[in-house]
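Please read the points below with the sequence and the model open side by side.

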Amino acid sequence: MNLKNYYWYFQSALPHRICDEIIKYGSSQQEKIALTGQQGNVDPNSLDDKDLKKLHKKRKSNVVWMNDRWIYKEIQPYVNMANANAGWNFDWDWSESCQFTKYSGTKKQHYDWHCDSQESAYDRPNDPNINGKIRKLSVTVSLVDGSEYEGGELEFDFRNNDDGSNIAHVCEKIRPKGSIVVFPSFVWHRVKPVTSGTRYSLVIWNLGRPYR
């Protein structure tokens, strides 16, 4: 799919008060080791040292899952605006659980190259809000200012350069606290290792019926 815009941003859009409330709430909950792909339903405590080492080579962070309505009310209007302003006009109708993510500089936490879209639609017959749908629009919210940590750059790889090369595009727009970046879930991206401080972010995946 050819895109004119690979992401759309709203700099310093979310009030600092809301960012602080999300951090306070997320920090009060029990953190889990962030997993990837098919590991989503695995108990992190069941992973042995070899599996953890393999996982942490790809992704190393801690997460808390949130489903609070007030958070969606703050973020979803920006998803709709980005979807229209960027010209994607994707049909979507449901948001997955919010992922509050902590990247610690003391642990050099990161998330290597990946895309959020699944290979096939969700098979959840008992959940009509998700069943048969795919991730279409991803959202990342910066909950702290970029001056509070080092490293941790959000980078995109558009993967369609004419010469076949893949060049990382640093998304500087997301550095200010409260900034929001929306992008199609099939766009490749990564979070580089945080080398000092702590990077807090909120991620939400928005679902719809498969493309036709």
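1. The buried residues of helix α1 are Ile-18, Cys-19, Ile-22, Ile-23 and Gly-26, where buried means under 20% relative accessible area, exposed over 50% and partly exposed in between, with a 1.4 Å probe and protein chains only. They cover an arc of only 135° around the axis, which puts them on the same side of α1; the arc is that of the directions from the helix axis to the C-beta atoms. An α-helix has 3.6 residues a turn, so residues three or four places apart point the same way. The face turned away from this buried side carries the exposed residues Arg-17 and Lys-24.

2. A word on the basis of these remarks: this is a predicted model, in which local features need pLDDT of at least 70 and side-chain atom pairs count only at pLDDT 80 or more, while totals for chains, interfaces and linings use all residues. Residues are numbered from 1 along each chain as its sequence is written, and side-chain values use heavy atoms, with hydrogens and water left out.

3. The protein chain has three helices and 14 strands; these are DSSP runs numbered from the N terminus, helices being H or I of at least four residues and strands E of at least two. Of the 212 residues in the chain, 47% are buried. Among contacts (heavy atoms within 4.5 Å) between residues at least 6 apart in sequence, 84% join residues at least 24 apart.

4. What covers the buried residues of α1 includes β4 (62–66), α3 (69–85), β6 (98–104), β8 (134–142) and β14 (194–208). Among these elements, β6 is mostly covered, with six of its seven residues buried. Strand β6 pairs in the antiparallel sense with β4 over five bridges, and with β14, also in the antiparallel sense, over six bridges; two strands pair if DSSP finds at least two bridges between them. Thr-101 in β6 stands opposite Val-63, and the bridge partner of Thr-101 in β14 is Ser-201.

5. A separate point concerns an open sheet of five strands, which has the order β3-β7-β13-β10-β11 with antiparallel pairing. Its edge strands are β3 (59–60) and β11 (168–170), each of which pairs on one side only. Within this sheet, β10 (residues 154–157) and β13 (residues 188–191) pair over four bridges, and Leu-154 has Val-191 in β13 as its bridge partner.

6. How many aromatic pairs does a search of the whole structure find? There are nine, counting rings of Phe, Tyr and Trp (its six-membered ring) whose centres lie within 6.5 Å, with planes under 30 degrees apart taken as stacked, over 60 as edge-to-face and the rest as tilted. Tyr-6 and Phe-158 form a stacked pair, 4.3 Å centre to centre with 20° between the planes. This pair links distant parts of the chain, since Tyr-6 is in the segment before β1 (8–10) and Phe-158 in the loop between β10 and β11, 152 residues apart. Both Tyr-6 and Phe-158 are buried.

7. The rings of Phe-100 and Tyr-200 have their centres 5.6 Å apart and their planes at 15°, so this pair is stacked. Phe-100 lies in β6 and Tyr-200 in β14, so the pair ties together parts that are 100 residues apart in sequence. Both Phe-100 and Tyr-200 are buried. Elsewhere, ring pairs link Trp-88, Phe-90, Phe-186 and Tyr-211 into a cluster.
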